[in-house]
Amino acid sequence: MAIVETPLAGKAGTESLLYRKITWKLIPFLCLCYLAAYLDRINVGLAKLQMADQLQLSEAAFGLGAGLFFVGYILFEVPSNLILQRVGAKVWIARIMITWGLLSAGTLFVTTPNQFYAIRFLLGVAEAGFLPGVLYYLTLWFPTYRRGRIIALFMIGLPLSSVIGGPISGWIMGHFDMRHGLHGWQWLFLLEGIPSVLLGVITFWVLPNNYRQAKWLTEDEKKRIEQDLAHDDAEASHSKHSFRDGFFNLKVWMLGGIDFSILLSAYAMGFWMPTFIKTAGVTDITTIGLLTALPSVAALLGMLLIGTSSDRMRERRWHIIVPFIVGAMAMAGSTFFTHNVIATVLLFSIAQAAIIGAVPVFFSLPATFLRGTAAATGFALACSLANIAGLVSNSLMGLALDLTGKSGGALWAFAGCLLLSSLLVIALPAKVVNR
């Protein structure tokens with residue numbers, strides 16, 4: 001069969017088969033890695049239900065500890081992504097996963113608040129660069145017009161971490177509590193840290209640094225990818241390439257502000273959902289774990305639907321703005337039903353489907369105007385700026401609960417930030433990002 005020369009032709013033929021092959025080779029494994037990463041990041045929310053009393057952590061102290069993860073993450077994100085560009089994805093992603101898995105498992109040895117703060121900071125340092133690194137890595141394989149759906153498929157690891165992790169984490173804490181002298185939360189960190197280490201080791205064998213090193217691609221297929229990426233670059237004649245272009249770029253800083261608003265809400269729901277459900281009247285840890293999974297199922301569906309729709313229509317901005325508005329309304333509305341389990345789960349399901357659903361579309365934006373070192377820098381800088389939200393979100397939520405016993409003030413503030421960031425989205429030039 002002859003190779004079609006134009007990258008936009010025959011999407012149901014040779015090209016689609018090629019990119020389907022690449023998708024199956026890369027995305028399930030990367031999705032599994034992201035699931036493990038995010039689970040090791042947020043399982044502390046469920047662990048809190050036991051460890052807070054045993055370590056004498058107040059709500060504010062827990063919020064600070066959960067937030068310190070992001071201090072380490074922010075400081076090392078840009079350097080980590082630049083190193084990945086130099087040494088290759090295989091080595092650097094493996095290093096990231098092995099170190100974060102070991103540190104996450106090591107949380108079982110924490111006995112004081114200060115030790116909790118230290119281990120969370122180090123976990124952030126270890127994990128820094130994973131998400132922007134993978135996003136940059138995908139630009140080496142897929143042209144712009146395919147990335148919305150591909151990023152959505154990769155990032156379903158985020159909601160899957162709660163869909164799978166919530167029930168499993170609840171079961172571990174309930175079933176293993178005081179086995180061999182360890183509390184349930186200690187078993188949680190130990191058992192959920194091990195898969196990250198194993199996946200890190202496997203990375204050395206399954207992840208090529210780029211399509212040229214992929215033994216499972218034929219020479220014709222490699223040439224086709226090269227042609228498609230070259231054509232994509234030619235369309236993006238405005239794209240920037242240098243470190244300076246990625247760092248001192250107004251659009252990158254705008255993207256950081258937009259993602260900041262996303263993560264304020266995402267981390268509030270990710271870290272504090274078990275607390276919200278417990279406040280609504282559920283006391284059994286296993287049941288809390290199961291209910292925590294339901295909004296994440298909605299988020300998974302939202303990511304696939306919104307990401308696919310954005311690619312099909314080749315439109316990005318309104319696929320972010322409309323979900324922001326819907327998510328903000330649902331999250332703010334949840335504050336009126338804090339003692340109603342059904343309403344709490346339903347409204348947070350809508351909020352997560354909308355807000356988390358828009359994330360893959362958002363992460364397809366940087367590569368529409370950045371390439372090479374600028375893309376690696378831009379992805380990491382936008383993520384670094386945005387992850388300040390992890391510290392703000394958790395600290396503000398913990399403070400609100402300590403001072404008022406309610407989460408309403410924090411959730412309304414986060415909803416307002418989503419609405420304000422919609423103005424930043426509409427300010428992005430449509431002719432640049434809608435590709």
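Is aspartate 311 buried or exposed? Aspartate 311 is buried, with a relative accessible area of 13%; buried means under 20%, exposed means over 50%, and partly exposed is in between (1.4 Å probe, protein chains only).

## What you're looking at

This is a predicted model, where local features need pLDDT of at least 70 and side-chain atom pairs count only at pLDDT 80 or more, while totals for chains, interfaces and linings use all residues. Residues are numbered from 1 along each chain as its sequence is written, and side-chain values use heavy atoms, with hydrogens and water left out.

The protein has 20 helices and zero strands. Both are DSSP runs numbered from the N terminus: H or I with at least four residues for helices, E with at least two for strands. Of its 435 residues, 61% count as buried. Take the contacts (heavy atoms within 4.5 Å) between residues at least 6 apart in sequence: 85% of them join residues at least 24 apart.

## Back to aspartate 311

You'll find aspartate 311 in helix H13, which covers residues 285–313. Setting aside neighbours within four places in sequence, aspartate 311 is in contact with Tyr145, Arg146, Arg147, Gly148, Arg149 and Arg316.

## The nonpolar cores

A nonpolar core is a set of buried Ala, Val, Leu, Ile, Met, Phe, Trp, Tyr and Cys residues joined through side-chain atoms within 4.5 Å. The largest one here has 127 residues, and Phe130, Phe154 and Met155 touch the most other members. Helix H12 (residues 250–279) gives this core its largest share, 16 residues. There's also a second, separate core of five residues, including Cys31, Ile156, Leu160 and Leu300.

Let's zoom in on methionine 155. Not counting residues up to four places away in sequence, methionine 155 touches Tyr34, Leu131, Met303, Val359, Pro360 and Phe363.

## Helix H12 and its partners

Start with H12 and helix H18 (residues 388–404): their axes are 8 Å apart and they pack at an angle of about 45°. Axes are lines fitted to C-alpha atoms, for helices over the stretch in contact, and angles run from 0 to 180 degrees between N-to-C directions. H12 and H18 are therefore oblique to each other. Under 35 degrees counts as roughly parallel, over 145 as roughly antiparallel, 65 to 115 as roughly perpendicular, and the rest as oblique. Among the residues that meet are Phe260, Leu263 and Trp272 in H12, and Ile388, Met397 and Leu401 in H18.

Now try H12 and helix H19 (residues 408–427), whose axes come within 8 Å and cross at roughly 155°. That makes H12 roughly antiparallel to H19. Residues taking part here include Met254, Gly257 and Ile258 in H12, and Leu411, Phe414 and Cys417 in H19.

## A closer look at isoleucine 258

Isoleucine 258 lies in H12 and is buried, with a relative accessible area of 0%. Isoleucine 258 and leucine 420 are 162 residues apart in sequence, yet 8.8 Å apart in space, C-alpha to C-alpha. Leaving out residues up to four places away in sequence, isoleucine 258 touches Phe324, Phe362, Ser421, Leu424, Val425 and Leu428.

## What about disulfides?

A disulfide is a pair of cysteine sulfur atoms within 2.5 Å, and this structure holds zero of them. Cysteine 31 is in no disulfide, and its nearest cysteine sulfur, that of cysteine 33, is 9.2 Å away. Cysteine 31 is buried at 7% relative accessible area, and cysteine 33 counts as buried at 0%.
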